[in-house]
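How do you read a fold you have never seen before?

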Amino acid sequence: MIVIDEKTIFDEIQRRKPVSVALNGPDGILPKIQETASKIMERFGIPAYVLADSCFGTCDMNTNGAKVLGAEILFHIGHTINSTSFGDNIVLVDAFDNISFDTIAEKCAEEFRGKTVSLVTDSQHLHEVDKVRTILEHGGVQVLVGKGKGQLNDGQVFGCEFYPVMETRDSVDANIFLGQSNFHAAGIALSTNRPTYVLDPYFNEIREVTGFAQTLQKKSILAVYKAAEAESFGIIVGLKEGQFSKTTALKFKKELETLGRKVQLFALTEITDDKLRNLKGIDAFIQVACPRISTDNQFHKPVLSTPQANALVKLLKKENVDSIFQIPHWL
Ligand code: SF4
């Protein structure tokens, strides 16, 4: 069950006495955020708006929504990073899953006895890393936990940022991801090129995602080769504040024009196939927002992420294209 650190929220409201507040977080914990919002309204008698648009990370906090509503504080819940606020008006609040990994960790220790693994997780299960480490080590598994960097804590990854596992990848037999997210685990497998397993305490199972990651990789490489045949490109700047990268978009524009391709520039908040079907005269797209939009979704034309577009430019220049995703940060 997800437990939101409501004390931080209540203390902050008590201290700053805002006229209204807003709250948001990942879709999966919205029901819990609704409960917290109701408690705020009852306890403090102020409006507490739940910003219910999808929110995939600290790159996607919808601060504009809070501003338009006139909310003085935005509580962004469930994307734990290594700081507690962004400026004065955004407070980052932890939300931990209190499920125990004890049983599945014992099973994992049996399966990986004698091996070396990198232990890694997402925001919701960070507090379990030390405990699982102890269980695995008692069971004869050698455990490494890579160092965090940027916004990441030690042993933490985002869907596009993999510093801890990149640090350990040459020393381990496998990566072990704590949680249920095949999305994060597939990213880990792609960036490290190491066998990667999900330790899922809900289904009490150890799930290998290496094959799934290879499928994503094949699809992504195919899109790059298809895009290499395109004459006209649409380059899309994402309008979500933490994914905004106009400079990268203009860099690709210049490179493709130098290589004789036509380029149009677009800007979108949500990049979906339906939106792209409205745009005419484009053979292939490059989107410089969230890289997982390209790797994890189906589009009717090639839609390349930044690392794929870097590979495309190399391909068009007849340079060597090495591994596309074996880098610590995909933006
Ligand atoms: S994978 Fe996408 S949504 Fe997740 S942190 Fe990276 S840019 Fe943001």
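The dialogue below goes from the whole chain to single residues.

Q: What kind of model is this, and how are residues numbered?
A: This is a predicted model; local features need pLDDT of at least 70, side-chain atom pairs count only at pLDDT 80 or more, and totals for chains, interfaces and linings use all residues. Residues are numbered from 1 along each chain as its sequence is written.

Q: How many helices and strands does the protein chain have?
A: Helices (H or I, at least four residues) and strands (E, at least two) are DSSP runs, numbered from the N terminus. The protein chain has 12 helices and 16 strands.

Q: What does the radius of gyration say about the protein chain?
A: It is taken over C-alpha atoms, and the globule rule is 2.2 Å times the number of residues to the power 0.38. For 331 residues, a compact globule would come out near 20 Å; the protein chain has 21 Å, which agrees. Along its principal axes, the C-alpha trace spans about 60 × 55 × 30 Å.

Q: Which domains does the protein chain have?
A: Domain bounds come from an automatic or database domain assignment. Here that assignment gives domain 1 (2-95), domain 2 (102-208) and domain 3 (217-316). The C-alpha centres of domain 1 and domain 3 lie 33 Å apart. Their contact takes 6 residues from domain 1 and 5 residues from domain 3. Two residues are in contact if their C-beta atoms, placed from the backbone, lie within 7 Å.

Q: What is the strand order in the open sheet of 4 strands?
A: Strands of a sheet pair through backbone hydrogen bonds, either parallel or antiparallel. Two strands pair if DSSP finds at least two bridges between them. Here the order is β14-β13-β15-β16, with parallel pairing. β14 (262-268) and β16 (303-304) are at the edges; each has a single partner strand, so one side of each lacks a neighbour in the sheet.

Q: Where do β13 and β15 meet?
A: Strand β13 (residues 232-238) pairs with strand β15 (residues 284-287) in the parallel sense over 4 bridges. Glycine 234 stands opposite phenylalanine 285 in β15. Helix α9 (residues 246-258) lies across β13, β14 and β15, at about 170° to β13. Such angles run from 0 to 180 degrees between N-to-C directions, with axes as lines fitted to C-alpha atoms, for helices over the stretch in contact.

Q: How much of the protein chain is buried?
A: A residue is buried if 20 or more other C-beta atoms lie within 10 Å of its own, exposed if 12 or fewer, and partly exposed in between; C-beta atoms are placed from the backbone. Of the 331 residues, 43% count as buried. Asparagine 64, in helix α3 (residues 63-69), is partly exposed, because 13 other C-beta atoms lie within 10 Å.

Q: What covers the buried residues of α12?
A: The cover includes α8 (210-227), α9, β15, α11 (291-296) and β16. Among the buried residues of helix α12 (residues 306-316) are Thr306, Pro307 and Gln308.
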